[in-house]
Amino acid sequence: MARFAALAALLLAVAVGGAAAQGVGSVITQSMYASMLPNRDNSLCPARGFYTYDAFIAAANTFPGFGTTGSADDVKRELAAFFGQTSHETTGGTRGAADQFQWGYCFKEEINKATSPPYYGRGPIQLTGQSNYDLAGRAIGKDLVSNPDLVSTDAVVSFRTAMWFWMTAQGNKPSSHDVALGRWTPTAADTAAGRVPGYGVITNIINGGLECGMGRNDANVDRIGYYMRYCGMLGTATGGNLECYTQRNFAS
């Protein structure tokens, strides 16, 4: 009897290990990726041919906790949030158009390149500023300060910088990863600033200084629209508190 119990436990462990080994690719399959980002290789998009599925999976495999943590719904919600935010950051969509939320990953660089040159926005999260290039580069083992263009020429590096930003808490900001999983508990200062758990505070983490605490705005609406579309595609609920209209940003 004990032998059978041990065998059953071993088989269960192998099954669980096999599922875990599939990682993000078991949820974001190649066909799902193509459906989520149908215009990423459109001839109108400067990033066409850059954001490949294989590059996404290769990068995700270097962050074992990304899109693999928690329940099935936790995983789906985190991935929907990641793609919701990064799709807005790279969008080629037109506000109000029927296909507004189908144009994620159209750009790989900031259009006017005016923000913190040569450390202007690049990649899915639009990594910006020398400090972020330095920190991201140290984390992934690349000298991005000397060669910031790696973020817009090497797709795996590009995705890894976005995932590093997503997974990493900085200063008084929690990581987007923890917020997406419902693992962030607001401090008294957060509560006083109106920052509450939900997708909206991820927007605050990424671009709160320009988008949060100023009422309804198009950028917030765009981020939310992408997120809702992806939640629907992945079959999970969005949760509450999707916007940051009344939240003070983390620097205030």
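Reader: What makes α3 mostly covered?

Author: In α3, 6 of the 8 residues are buried, where buried means under 20% relative accessible area, exposed over 50% and partly exposed in between, with a 1.4 Å probe and protein chains only. The buried residues are Tyr53, Ala55, Phe56, Ile57, Ala59 and Ala60. Their cover includes α2 (30-36), α4 (72-89) and α7. Helices here are DSSP runs (H or I, at least four residues), numbered from the N terminus.

Author: The model is predicted, so local features need pLDDT of at least 70 and side-chain atom pairs count only at pLDDT 80 or more, while totals for chains, interfaces and linings use all residues. Residues are numbered from 1 along each chain as its sequence is written, and side-chain values use heavy atoms, with hydrogens and water left out.

Reader: Why is α3 called oblique to α7?

Author: Helix α3 (residues 53-60) and helix α7 (residues 155-167) pack at about 50 degrees, with axes 8 Å apart. Angles under 35 degrees count as roughly parallel, over 145 as roughly antiparallel, 65 to 115 as roughly perpendicular and the rest as oblique. α3 is therefore oblique to α7. The axes are lines fitted to C-alpha atoms over the stretch in contact, and angles run from 0 to 180 degrees between N-to-C directions.

Reader: Which residues of α3 and α7 meet, and how many of them are nonpolar?

Author: Ala55, Phe56, Ala58, Ala59 and Ala60 in α3 meet Ala155, Val156, Phe159, Arg160 and Met163 in α7; contact means heavy atoms within 4.5 Å. By class, this contact of α3 with α7 has 9 nonpolar, no polar and 1 charged residues. Ala, Val, Leu, Ile, Met, Phe, Trp, Tyr, Cys and Pro count as nonpolar, Asp, Glu, Lys and Arg as charged, and the others, Gly among them, as polar.

Reader: How do you know whether serine 176 is buried or exposed?

Author: Serine 176 has 0% relative accessibility, so it counts as buried. Its place is in helix α8 (residues 176-180). Leaving aside neighbours within four places in sequence, serine 176 is in contact with Trp166, Ile202 and Ile205.

Reader: And what are the relative accessible areas of lysine 113 and glutamine 126?

Author: Lysine 113 has 33%, so it is partly exposed. Glutamine 126 has 13%, so it is buried. Lysine 113 lies in the loop between α4 and α5, and glutamine 126 is found in the loop between α4 and α5 too. Lysine 113 has a positive phi of about 55 degrees although it is not a glycine.

Definitions and conventions. Helix = DSSP H or I, 4+ residues; strand = E, 2+ residues; numbered from the N terminus.
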